[in-house]
Amino acid sequence: MLKALLLGTFRNSMGFLEQRIQWFKNLPVVTKLVVINFILIALPLAIASYLTYTSYSTSIQKNIGRYQMDVVKELTANIDTYMNELNLLSLMPYQAPEIIQYLAAPKKPDEPLPFTERVNLEDFTKRVFANGRVDITGITLYSSVGGAYEVLSEAQPNYSYKSVKDELWFAKVSQTGKVVYVKSKNENNYSFARKIRSVETGNELGYVVLDVDKNIIRNKMEALTNENKNIIILDETGDLVYKSQAFEIEPNAINQYSGSGTVVFRQQHDKVLLSYYTSPITGWKMMEMVPLATLLADTVQVRNYIILIGLICLLLGVIISIWIAVRITNPISELRNLMKKVVRGDLDVSIPISSRDEIGQLSQSFNTMVSKLSDLGYRLFESEIREKNSQIAALQSQINPHFLYNTLGSISMYAEIQGNREVVKMTNSLSKLLRYSINSQKSQVPLEMELEHVKGYMAIQQIRFEHKIQFYVEVEPELLKGSVIRFILQPIVENSIVHGFEKGNGFGTIILSGKKIDDTMVIKIQDDGAGMNALQLQALLDKKTSIVNPEEGKGGHGLMNVHRRIVLRYGNQFGLTIESDLAKGTTISLVLPFTDVEVMEEN
């Protein structure tokens, strides 16, 4: 069950991943380039910025840690120097035999001190107060057999019979022969106690307790550093000796550290850099704390500068990548748009080549392909025309022209005898049409012959439509000797009859006019038939640019064949144009180069 579930989850994940990959593949090339460049710029930049910031922060921590350790060691050395003086001062009872004798002498309750001992004690305490090295605020001598002699600075001595074992610090001090920090009865003082032994026997004789003003240690630390707000001192048992007001860490939380070192200590809300050093003389631990927020305050500004510079570099990189991507993909986009035009049949396109790279080579190949396609289209159309001409020629060879002429002549004579003038006219016109179509082998004829052919065709059509269609020819005389392609006027006139009058009531007028403009002749065939709407006209005009060769027949294909014959013979600047309005008629204009027949035959 679990295996099937994991397999299904894996397949879903792979399917989603494949969808994302396919989505990325479908993006435009310019978008892909920008996204890839963005990743390639942003990822290394982010990694480099992160490593730079972390390396800088770590370096700052190490440097501050070393400096902080040096400060702690210097403070510890200063305190050790003071404690050495205090230690020597606590050894003064060994230098006074009378004090040793006093400590060893038995005491009785409520028994006052003898005068001699009192004088000796006062003399000893005066020498202690006047040592010149350590400022003592009080001294107390405890005898192990009872009795305590206490003297405070600028106060009268006080002697009382009490046991030293009743003091809270007794168990701590009795375990060692060194000077031990003990809790003072006065909150403004530090107290230090030492056990006094007999030099001869080594037996415990008593204890000496020295009181020192707290301001002395505070002043010594202030003399070495301007910031004593984050310092704490613990003795060898972990008891608090000194703590600055700004030090927020509880002694129990840091008592675990021993020796020396620098660590990052985590508090509830922040982190601090904690440097600690244990004095080899006193066993005290000196600790200094610096909040990381304060320590790394400058690194925050550096981080902000790194982020700002990174964003500026990223923005410049994205702008440059977009510019490069657009420069690369613009020729591709232009090539794609031109290909779409070719698909729609427009072969009169060409892309400029501005480079010789792969895109330039592709553009050059595209131009070559379009040129060959255009040439192939015209060659295909020309070959089809030749094939049709060959078919017509084969058909003509199968028909005996003289038989047709003799037959039509017999029909005409029989109709003449019967008095049917219309049949005579139709057969004579048809005979002329056949003679023009079959006998002439020339592709170029004078315009006058083409007009006679059209007139014969219209004579037959007028009889057919009972003279409902009127036909007029208005051609300038100088154009009659001009050379034109055979059979270019009759298909247009036929188109006017089929599409202009057969669909209506059969009545109408066709005017064939011609005039010379510069070196060209413009021939117009105008009718007042049914005409065309805008959609029909546009569809007919679209056929002019189509490379597909339509078959002859309805729908303006005859017109298009005439247009292509003219273009193939004379070039794209010549051909026919169409103008039409629905229910008003159609005008078709043929633009041809003006060339005299005699000049054409000589050429």
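How many bridges join strand β1 to strand β6, and in which sense do the two strands run? Select residues 136-143 for β1 and residues 204-213 for β6: seven bridges join them, and they run antiparallel. Strands here, like helices, are DSSP runs numbered from the N terminus (helices are H or I with at least four residues, strands are E with at least two). Two strands count as paired if DSSP finds at least two bridges between them.

Before going on, note that this is a predicted model, in which local features need pLDDT of at least 70 and side-chain atom pairs count only at pLDDT 80 or more, while totals for chains, interfaces and linings use all residues. Residues are numbered from 1 along each chain as its sequence is written, and side-chain values use heavy atoms, with hydrogens and water left out.

**Stop 1**

Now widen the selection to the whole sheet, which is open and has six strands in the order β3-β2-β1-β6-β5-β4, paired antiparallel. Strands β3 (158-160) and β4 (180-182) are at the edges with a single partner strand each, so one side of each lacks a neighbour in the sheet. From one strand to the next the twist averages 20°. As background, strands of a sheet pair through backbone hydrogen bonds, in either the parallel or the antiparallel sense.

Next select β5, residues 189-197. Eight of its nine residues are buried, so the strand is largely enclosed by the rest of the structure. Buried means under 20% relative accessible area, exposed means over 50%, and partly exposed lies in between (1.4 Å probe, protein chains only).

On one side, β5 is joined to β4 by three bridges in the antiparallel sense. Val-182 stands opposite Ser-191 of β5, and the two strands form a hairpin with six residues between them. β5 is also joined to β6, by nine antiparallel bridges. Look there for Arg-197, opposite Glu-204 in β6. The hairpin of β5 and β6 also has six residues between its strands, and Gly-202 in this hairpin takes a positive phi near 80°.

α4 lies across β1, β2 (148-152) and β6, and runs at about 140° to β1. Axes are lines fitted to C-alpha atoms, for helices over the stretch in contact, and angles between N-to-C directions run from 0 to 180 degrees. Contact means heavy atoms within 4.5 Å.

**Stop 2: the five-stranded sheet**

Move to the open sheet of five strands ordered β8-β7-β11-β10-β9, again with antiparallel pairing. Its edges are β8 (240-243) and β9 (260-266), each with a single partner strand, so one side of each has no neighbour in the sheet. The twist averages 20° from one strand to the next.

Select β7 (residues 231-234) with β11 (residues 285-291): four bridges pair them in the antiparallel sense. Ile-232 is opposite Met-287 in β11. Then pick Leu-234, also in β7. Is Leu-234 buried or exposed? With a relative accessibility of 0%, Leu-234 counts as buried. Leaving out residues up to four places away in sequence, Leu-234 touches Asp-239, Leu-240, Val-241, Pro-251, Asn-255, Gly-283, Trp-284 and Lys-285.

Helix α2 (residues 29-90) lies across β7, β9, β10 (271-278) and β11, running at about 40° to β10.

**Stop 3: the helical spans**

Select α1, residues 2-25. Its 24 residues reach 34 Å from first C-alpha to last, close to the expected 34 Å; the expected span is 1.5 Å times one less than the number of residues. The count of buried residues in α1 is zero.

An unreviewed UniProt entry annotates residues 33-53 and 305-326 as "transmembrane region". UniProt positions follow the numbering used here, feature names are shortened, and annotations may be inferred rather than shown by experiment. Residues 33-53 are 100% helix, with end C-alpha atoms 30 Å apart. Residues 305-326 are also 100% helix, with end C-alpha atoms 31 Å apart.

The UniProt feature "domain: HAMP" (unreviewed entry) is placed at residues 326-378. That stretch is 74% helix and 0% strand, and its end C-alpha atoms are 37 Å apart.

**Stop 4: two domains**

Finally, colour domain 1 (347-396) and domain 2 (471-546 + 556-593). These bounds come from an automatic or database domain assignment. The domain centres, taken over C-alpha atoms, are separated by 27 Å. Four residues of domain 1 are in contact with six residues of domain 2.
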